[in-house]
There are 4 protein chains.
Amino acid sequence: MREACGLFGVSGHKKAAKLTYLGLFSLQHRGQESAGIATARDGRIRIKKNMGLVQNVFQPAHLNRLGAGMSVGHVRYSTTGSSELSNAQPFLVRYSRGTIAVAHNGNLVNAAALRDKLEGLGAIFQTTMDSEVIVHLLAKPTYPDVEHSLVNSLEQVEGSYALALLTPDELIGVRDPRGFKPLSIGTYEGAYVLASETCALDLVGADYVRDVEPGEIVFLRDGDLRSIKPFEPKAPAHCIFEYIYFARPDSRVFGHNVHNVRKAFGRQLAREHPIDADLVVAVPDSGNSAALGYAEESGIPFEMGLVRNHYIGRTFIDPLSAQRDAMVRIKINPIREVFEGKRVVVVDDSIVRSTTSRQRVKAIREAGATEIHMRISAPPITHSCYYGIDTPTRKELIASTKTPEEIGRHIGADSLGYLSVDGMLESAPHPGDRYCIACFTGKYATQIDNGVVKECFECT
Amino acid sequence: MREACGLFGVSGHKKAAKLTYLGLFSLQHRGQESAGIATARDGRIRIKKNMGLVQNVFQPAHLNRLGAGMSVGHVRYSTTGSSELSNAQPFLVRYSRGTIAVAHNGNLVNAAALRDKLEGLGAIFQTTMDSEVIVHLLAKPTYPDVEHSLVNSLEQVEGSYALALLTPDELIGVRDPRGFKPLSIGTYEGAYVLASETCALDLVGADYVRDVEPGEIVFLRDGDLRSIKPFEPKAPAHCIFEYIYFARPDSRVFGHNVHNVRKAFGRQLAREHPIDADLVVAVPDSGNSAALGYAEESGIPFEMGLVRNHYIGRTFIDPLSAQRDAMVRIKINPIREVFEGKRVVVVDDSIVRSTTSRQRVKAIREAGATEIHMRISAPPITHSCYYGIDTPTRKELIASTKTPEEIGRHIGADSLGYLSVDGMLESAPHPGDRYCIACFTGKYATQIDNGVVKECFECT
Amino acid sequence: MREACGLFGVSGHKKAAKLTYLGLFSLQHRGQESAGIATARDGRIRIKKNMGLVQNVFQPAHLNRLGAGMSVGHVRYSTTGSSELSNAQPFLVRYSRGTIAVAHNGNLVNAAALRDKLEGLGAIFQTTMDSEVIVHLLAKPTYPDVEHSLVNSLEQVEGSYALALLTPDELIGVRDPRGFKPLSIGTYEGAYVLASETCALDLVGADYVRDVEPGEIVFLRDGDLRSIKPFEPKAPAHCIFEYIYFARPDSRVFGHNVHNVRKAFGRQLAREHPIDADLVVAVPDSGNSAALGYAEESGIPFEMGLVRNHYIGRTFIDPLSAQRDAMVRIKINPIREVFEGKRVVVVDDSIVRSTTSRQRVKAIREAGATEIHMRISAPPITHSCYYGIDTPTRKELIASTKTPEEIGRHIGADSLGYLSVDGMLESAPHPGDRYCIACFTGKYATQIDNGVVKECFECT
Amino acid sequence: MREACGLFGVSGHKKAAKLTYLGLFSLQHRGQESAGIATARDGRIRIKKNMGLVQNVFQPAHLNRLGAGMSVGHVRYSTTGSSELSNAQPFLVRYSRGTIAVAHNGNLVNAAALRDKLEGLGAIFQTTMDSEVIVHLLAKPTYPDVEHSLVNSLEQVEGSYALALLTPDELIGVRDPRGFKPLSIGTYEGAYVLASETCALDLVGADYVRDVEPGEIVFLRDGDLRSIKPFEPKAPAHCIFEYIYFARPDSRVFGHNVHNVRKAFGRQLAREHPIDADLVVAVPDSGNSAALGYAEESGIPFEMGLVRNHYIGRTFIDPLSAQRDAMVRIKINPIREVFEGKRVVVVDDSIVRSTTSRQRVKAIREAGATEIHMRISAPPITHSCYYGIDTPTRKELIASTKTPEEIGRHIGADSLGYLSVDGMLESAPHPGDRYCIACFTGKYATQIDNGVVKECFECT
């Protein structure tokens with residue numbers, strides 16, 4: 001499961017491009033496929049984007065040319081639209097009111113229908129991204145200014161969106177009325193800054209101010225912030241997977257520190273699924289916080305028994321594809337001297353297809369563990385996400401067809417325990433009904449338009 | 001002065017992509033900035049384009065993925081729009097009737113006005129190319145099919161255009177009513193082929209059939225050709241610079257072989273500007289044919305005294321920028337043993353800014369020539385081109401401010417003779433009034449919309 | 001401080017190149033500058049090497065061409081010789097007995113003197129590596145076979161060397177008589193395998209057999225191992241920094257698991273430098289194991305308060321070079337919600353120049369820690385290493401000029417405690433006198449030839 | 001057939017690297033595989049070399065780092081040694097007298113024997129180039145200085161060599177006693193310059209002084225030239241293929257302009273093989289000068305009927321490999337309007353395997369020629385070259401097994417005439433016995449050591 005995107009913006013600073021570069025770098029975990037930065041100065045927008053990691057896309061010369069002013073940056077892993085340069089963001093167009101650059105985190109669920117409608121009116125589409133729909137709606141000349149056009153445009157779309165928009169005059173931040181995706185506001189040397197996660201504010205040295213609220217649009221120019229809330233309020237639906245897996249543990253998301261939420265999930269998991277064991281071991285790095293919580297709550301010693309190889313990159317090719325166990329060990333290798341003769345609790349954040357978990361259990365068994373108790377710091381994933389997370393189809397999700405007991409047997413664990421939905425919600429901040437948990441329950445916060453944007457062409 | 005573009009298309013063949021690659025390769029002289037090929041098969045369009053030469057853009061894997069079917073290819077040197085990937089062609093969009101790929105050679109003179117109008121109706125523009133306007137017009141849902149939309153769209157644009165369009169169902173070739181740009185039809189193993197110049201037909205082994213006529217639209221599917229001529233006829237205005245410089249000497253353009261036309265210009269030049277000399281030398285390669293014609297007509301021996309270095313590429317950097325004479329010699333070096341003690345006629349195709357000619361004359365003088373008589377196989381260029389040739393502004397054109405005598409003195413020649421406009425037209429095929437000679441006379445065949453598409457953003 | 005090299009070899013297997021690729025990949029932490037693989041089959045040696053990471057140097061086509069047979073691979077970070085391709089290893093030459101490929105981990109301390117001597121006899125040197133000296137000595141035609149030449153050659157060199165040599169006929173493994181550098185033997189599907197660390201054996205699925213012993217030479221052909229110990233025995237001098245920092249925690253080095261040794265260091269550190277605190281936090285990842293040991297011994301809870309960004313690569317450029325604090329935060333960001341109001345023990349593996357530690361302490365202080373107690377799981381580094389570790393000069397080593405108290409004040413910690421030399425040796429496996437601890441004491445196991453191989457040329 | 005190498009050197013100038021870059025650029029036709037420049041300043045040698053064309057290997061930053069001082073540069077197409085970076089030149093080593101960079105044009109015929117002998121004395125070889133042998137001999141410490149070592153070293157080698165050597169103190173130029181390969185001396189702003197051909201002197205603006213004489217060694221420091229002639233004089237054996245094909249027509253080689261020599265060959269060819277025809281056409285560009293000579297002598301009009309595509313580069317891939325006729329047309333396309341109904345003389349410089357000539361004749365026939373009379377401005381090539389030209393093996397040379405009449409029929413020409421050996425020698429400058437014509441006669445100027453340097457390893 002992969003997050004779609006990360007956003008960063010600066011409302012006016014002499015180091016705008018460089019700050020945005022650093023901000024995107026700290027949001028790299030939210031999208032590794034493409035990166036882009038647009039800046040606005042003297043009525044002119046400049047842009048640089050390409051496929052690849054932030055540090056590979058931008059050379060110093062690019063940052064110098066992008067320069068000072070206002071900026072918006074984006075990192076992307078594609079959930080809709082194919083993996084190609086024309087789909088990289090920010091998405092920059094010229095229309096009747098000038099130019100606008102759009103960076104979008106999330107996924108529209110009625111993009112296909114809107115697209116058909118727009119094409120029927122003569123629109124041409126040059127990308128396969130749902131984000132292009134927003135820009136077409138925005139370009140309709142019915143309204144007198146960007147603000148009214150934007151409000152009208154967003155009233156027509158349904159789904160999840162955190163947006164950072166850049167016009168020659170201002171930086172605009174938006175969260176959809178349900179607040180699926182995070183977007184925070186900070187200040188840096190007198191300028192406002194937008195970031196998907198606060199770890200990006202930390203990196204540039206910005207101070208956290210507050211989150212953009214669900215349904216809020218903020219218009220930022222240097223140190224001025226103007227806020228409107230034009231939409232009918234809706235029940236909040238924050239993506240709980242930001243807590244479980246996506247966000248960095250040092251980020252504050254939806255108002256709370258991610259590491260601490262994960263530890264609370266781990267403690268709750270220990271209460272729900274206690275076991276007599278010698279060690280608690282995390283699947284690094286995503287299981288670290290929950291494993292520590294489990295260890296603290298259970299009193300079982302925390303150990304580091306799985307070593308992750310951090311050199312593995314997108315270009316790594318497995319030369320022994322028939323020996324897939326090798327690939328699992330390439331990423332994470334068990335320490336025999338830790339596991340030998342021990343009963344272990346292994347804490348991971350999720351089981352998607354189960355292949356990896358099964359190989360992991362096998363490797364730990366071969367390293368000498370006498371009992372392996374898998375503990376998952378989230379409920380079973382039974383449904384696909386339509387709001388911007390790259391999930392497999394339902395039938396590929398093992399929990400949609402098998403019970404936890406069956407899954408435990410399938411992966412070869414001596415026991416398997418998932419965090420319960422209720423336990424998760426109770427141990428999450430502000431217990432109650434404010435999260436999107438559709439991937440665990442199938443109860444989607446919006447209608448899901450089953451039409452998909454057909455990819456009618458293909459870039460080779 | 002550089003040509004903007006070259007087109008090639010195949011109406012259905014199992015080697016469509018490979019044939020198009022070869023066709024584009026032989027049209028490389030028409031555009032070295034970007035190259036692209038789109039193919040259509042099974043209702044799906046595939047595309048690959050990038051900055052660079054044909055042989056660098058396409059790897060065998062690309063051609064295999066593009067594969068069989070119908071195809072359209074394009075090489076480009078930008079005259080409008082900046083030098084960036086988003087401006088590479090074919091230009092591929094999805095609209096209400098599906099997908100369409102457009103390859104355009106030429107330049108619209110009312111693009112800015114049309115663009116403003118379209119934006120006023122809500123259109124968004126993602127490139128800075130005038131070609132994007134044609135696609136927006138085409139996408140208007142007023143008409144029932146591609147044919148009617150295309151006709152209506154082209155009725156609104158003014159300027160020069162040879163077009164090759166690819167839908168999932170057919171390949172379409174168009175020449176504007178004045179026939180500014182060439183476009184030929186050939187057949188290859190039962191399929192129709194389109195090419196900007198016949199040298200591309202030769203290369204793939206296709207047989208020349210005829211030219212697309214001015215104002216004609218041809219619809220091609222495999223071996224079927226359907227032709228319409230929906231536009232009001234206009235006076236022909238073939239770009240005479242195709243004969244003077246752009247087209248390859250082995251091509252048949254506007255119905256006649258380019259090498260032979262150039263020789264006829266050279267012969268006429270000899271009649272208009274005879275001189276007593278020992279040798280006739282061409283500035284290679286563009287002056288070769290005219291020099292041979294001059295030599296034949298004058299009876300002065302033809303010699304090869306200037307050696308061109310063919311290794312010079314776009315990546316060449318002059319490390320001694322202060323010594324610009326070096327750059328002229330890098331391209332073309334005079335042979336001392338040919339020039340020493342000789343009175344020479346040097347034949348070139350044009351003088352644009354005069355800097356190069358001046359350095360050339362100096363180098364030949366240093367090689368020992370006692371008299372240097374420059375002969376130019378075209379009239380003085382006094383006006384900019386708005387139909388797709390990259391010309392400097394008027395004030396940079398030396399002939400717009402200086403007489404031939406002044407230019408001759410300026411470049412250091414003992415005499416300078418230009419071909420006269422009347423001589424050019426008389427020695428061209430079908431003497432008379434069928435050519436666009438606006439760059440020599442300032443009499444443009446169309447109104448020129450002075451508005452320019454403002455580049456409101458910039459890709460770094 | 002960076003390790004110089006990692007070695008991997010296969011004594012004969014149909015997937016030799018692919019196994020070596022995987023082996024090198026798991027040894028990537030030992031050298032990220034260049035990578036190379038040589039294979040021998042049918043009397044012919046093939047090689048591929050280049051600058052870059054393992055996964056970037058080798059494409060599938062390279063591995064296919066390298067193919068089956070015997071192999072030797074190398075990853076390198078340069079300590080002697082500059083960073084250039086000609087210095088990448090394996091180092092392959094032809095000499096009187098045919099061809100030989102040499103992969104070397106370590107550093108010769110008398111290379112400059114040997115080089116001068118060899119040059120005096122007519123040798124030419126094409127690299128700036130000390131390893132080239134070994135090959136020149138080996139090529140002397142005095143001895144009848146590779147074995148005798150190799151023994152004679154190694155009798156002349158002084159310093160640290162683990163070697164993997166490949167001839168068309170066999171794979172040879174060597175450790176110097178003091179055993180500075182590790183080298184392990186494993187078996188995989190009937191073939192012997194050599195690896196600098198056992199994590200590489202784990203990855204390919206090989207079984208650990210034993211270490212090459214100090215002063216031992218092993219000749220490997222498929223499943224045959226012939227061992228000789230031709231050198232006069234010397235006191236062992238295993239590099240203790242392999243335990244402190246270099247080796248992966250999942251490796252068994254010098255016969256013991258690295259993670260467990262580090263934990264023992266951490267426990268001893270807790271005994272030597274106890275403190276009243278709320279949390280123990282590791283500087284990830286190198287401080288993880290020791291911090292866990294410290295926490296266990298002290299009873300203070302282990303926490304994860306520092307988040308490491310694993311995307312940072314060699315191409316990362318700091319755009320705000322004036323703001324160096326940013327760079328420290330780019331690598332490791334403190335979690336405010338963990339540190340706020342807490343007295344913390346921060347465990348790191350070493351302090352070299354102190355710049356990073358100082359910024360780290362500052363960042364943790366800003367995150368709200370009320371007391372910061374730095375604990376270092378090694379003694380103060382006071383001397384340079386001449387045996388293959390990239391250390392700064394003595395005067396750059398802060399501990400060579402400042403006391404721990406002064407360093408503690410300098411970095412802004414409330415207290416600073418180093419592991420004592422005696423405590424380190426007692427808590428290491430096989431307590432006693434078997435380690436090279438020269439970087440802490442200045443007592444080098446060999447004479448140090450102060451002459452340095454002068455780099456008389458430079459590759460641009 | 002391809003030339004092996006080109007040399008350029010500057011004896012001391014503040015723009016040494018840049019001048020060498022330009023010099024190499026104008027010698028690019030002598031080797032397109034790799035390029036390198038070494039410079040010496042302040043006792044230190046700097047080098048940059050890589051695979052590729054001159055303009056691709058060197059970026060401005062490289063030239064700046066290489067900087068001022070003395071320099072030597074090299075372009076290479078491999079005749080011995082494989083195509084890999086380690087074989088790129090200049091070849092730079094450290095030996096007892098310091099450092100030396102060697103650039104070699106030519107081929108040693110006793111390299112294998114010398115190599116075996118050197119290996120027997122303990123030498124190691126890191127490349128597969130014969131040039132490495134020279135350096136090993138040079139490094140022998142028997143003689144007191146570079147001069148004596150160099151003389152002694154060259155007394156042992158046999159074959160062809162033009163050398164440019166760079167020590168920290170001086171630039172040294174050498175031609176072998178028979179003078180196989182050209183090497184000229186020029187001056188530029190007070191410094192001496194060496195170049196394989198005078199076109200490189202022209203380009204940088206240097207004045208031609210004289211050739212290095214056969215058997216001469218020149219020691220150059222800025223404006224000082226010291227000459228020695230230590231070798232026993234031998235009969236000259238200048239490579240006549242420099243006149244026939246390799247050298248640029250604007251170069252003065254062996255004291256005479258190449259274009260004029262080629263024209264003389266063409267005139268002689270017309271006298272030896274007259275024919276009644278309508279046109280004389282050259283195979284461009286190598287046949288141009290001889291065709292002009294043929295036309296002048298015969299009185300038959302010179303025409304340009306074959307158009308060469310200059311965009312074809314090393315990366316070009318023929319996508320229709322089954323249709324090889326396409327490849328011939330890709331390079332050179334006949335103009336139908338020139339050939340139609342005409343009897344033509346086609347002048348080319350040589351026939352090697354005959355495949356290309358055959359396809360060329362076919363294409364011209366298809367373009368409408370009624371008679372095709374091939375005329376070759378050199379005698380039939382019947383033997384391989386061992387002195388630095390890349391020739392096929394004897395059995396691949398069509399003229400070694402077929403008579404001219406058979407070859408004429410084979411390629412489909414109506415007649416075929418080769419220049420006779422006697423005619424070639426008589427029309428060459430200084431008629432008589434001063435050329436190496438072994439490829440036409442099999443009479444080699446030296447013994448040919450049949451041993452070949454076995455390539456014992458292979459770089460992937």
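**Between the domains, then between the chains**

Mentor: Let's start inside one chain: domain 1 of chain A and domain 2 of chain A bury about 950 Å² between them, with 59% of it on carbon and sulfur atoms. Buried area here is the accessible area (1.4 Å probe) that two parts lose on being put together, summed over both. This is a predicted model, where local features need pLDDT of at least 70, side-chain atom pairs count only at pLDDT 80 or more, and totals for chains, interfaces and linings use all residues. Residues are numbered from 1 along each chain as its sequence is written, chains are lettered from A and ligands numbered from 1 in the order in which they are written, and side-chain values use heavy atoms, with hydrogens and water left out.

Trainee: Which elements give two or more residues to the side of domain 1 of chain A that touches domain 2 of chain A?

Mentor: Helices (H or I, at least four residues) and strands (E, at least two) are DSSP runs, numbered from the N terminus. By that naming, the elements on that side are β7 (98-108) and β8 (159-166) of chain A.

Trainee: How many salt bridges does the rule find across that domain interface?

Mentor: The rule wants a side-chain nitrogen of Lys or Arg within 4 Å of a carboxyl oxygen of Asp or Glu. Across the interface of domain 1 of chain A and domain 2 of chain A, the number found is 0.

Trainee: Why do the copies meet through the same surface?

Mentor: Contact means heavy atoms within 4.5 Å, and it takes 41 residues from chain D and 41 residues from chain C. The surface is the same because the interface residues of chain D are also interface residues in chain C, at 100%.

Trainee: How many salt bridges are there between chain D and chain C?

Mentor: One of them joins the side chains of R94(C) and E119(D), at 2.6 Å from N to O. The count between chain D and chain C is 4.
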